[in-house]
Amino acid sequence: MESSSTGTGTGGGRRAATRQKLYEAAVTLIAEQGFSATTVDEIAERAGVAKGTVYYNFASKNELFEELLRHGVGLLTVSLRTAAEETEARGGSRVEALDAMIRAGLVFIDRYPAFTQLYVAELWRTNRAWQSTLMVVRQEAVAVVEKVLREGVERGELSAEIDVPLTAAAMVGMVLVAALDWQSFQSERSLDDVHSALSLLLRGRVSGNR
């Protein structure tokens, strides 16, 4: 998973690259065999670093996973925000911004399927040490969608009757679940196919109304 920023100086860049390798190793292993079954030794081996390097960067396996969640959801949040801002810059509507965010979410999930599977799985668990962190980063991603929805209501593009927080959460959930279903059961479909189907839902055209 690529970092959204680079470290300052050679040392910072080197450490960022090391953490990147650890994130990638951890997300792959945990997706394959689960968090409890994955050991620090296996993460270090998969990343091609010494076990001590893992503990130099993270105090524990729990901290590594918690930072992995922050990192991954942070990348998703940036991609959603960028899609909205680019649509705004070219004069697009808020509905067009939401559509662009759906596509950005699909692109992210297509690029990082193992992380997405982990993230969705962790949302259903309530006994994890990182539960509070997960809720914070989830809300950061949903808040980006909420902002665009509120702007759409203010500009008269969207109904004032919509429940913004719930609608934002539903949109994020729709993209996550639809993308995982696509990759698991309908992998022959293209990203464009999936985006087109979700775009119809967004624009309220499933019923046949135009």
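**Figure 1. Gly-12 lies in helix α1.** Helices here are DSSP runs of H or I spanning at least four residues, numbered from the N terminus. The model is predicted, so local features need pLDDT of at least 70 and side-chain atom pairs count only at pLDDT 80 or more, whereas totals for chains, interfaces and linings use all residues. Residues are numbered from 1 along each chain as its sequence is written, and side-chain values use heavy atoms, with hydrogens and water left out. Gly-12 has 25% relative accessibility and therefore counts as partly exposed; the class lies between buried (under 20% relative accessible area) and exposed (over 50%), with a 1.4 Å probe and protein chains only. A separation of 36 Å lies between the C-alpha atoms of Gly-12 and Ala-168, which are 156 residues apart along the chain.

**Figure 2. Asp-99 is placed in helix α5 (residues 94-111).** Because its relative accessibility is 11%, Asp-99 counts as buried. Its side chain forms a polar contact of 2.9 Å with the side chain of Ser-199 (a pair of N or O atoms within 3.5 Å; within protein, one must be able to donate a hydrogen and the other to accept it, and residues adjacent in sequence count only if both atoms are side-chain atoms). Leaving aside residues up to four places away in sequence, Asp-99 touches His-195, Ser-199, Leu-202 and Arg-203, where contact means heavy atoms within 4.5 Å.

**Figure 3. Met-101 is among the residues of the largest nonpolar core that touch the most other members.** Such a core is a set of buried Ala, Val, Leu, Ile, Met, Phe, Trp, Tyr and Cys residues joined through side-chain atoms within 4.5 Å. This core has 61 residues, and Leu-68 and Phe-115 share that standing with Met-101. Helix α4 gives the most to this core, with ten residues. Not counting residues up to four places away in sequence, Met-101 touches Leu-80, Ala-83, Ala-84, Val-144, Val-145 and Val-148.

**Figure 4. The structure holds one cavity of 30 Å³ or more.** On a 1 Å grid over the protein atoms alone, a cavity is a set of points where a 1.4 Å probe fits but cannot get out, and lining residues have an atom within 4 Å of a point. Grid points are joined across faces, edges and corners, and the volume is the space filled by probe spheres set on the points. The largest cavity contains about 120 Å³ of space. Its lining includes Leu-76, Met-101, Gly-105 and Val-172, and α5 gives the most to this lining, with five residues.

Terms used:
Helices (H or I, at least four residues) and strands (E, at least two) are DSSP runs, numbered from the N terminus. On a 1 Å grid over the protein atoms alone, a cavity is a set of points where a 1.4 Å probe fits but cannot get out, and a pocket is an open set with protein on both sides within 12 Å along at least five of seven lines; lining residues have an atom within 4 Å of a point.
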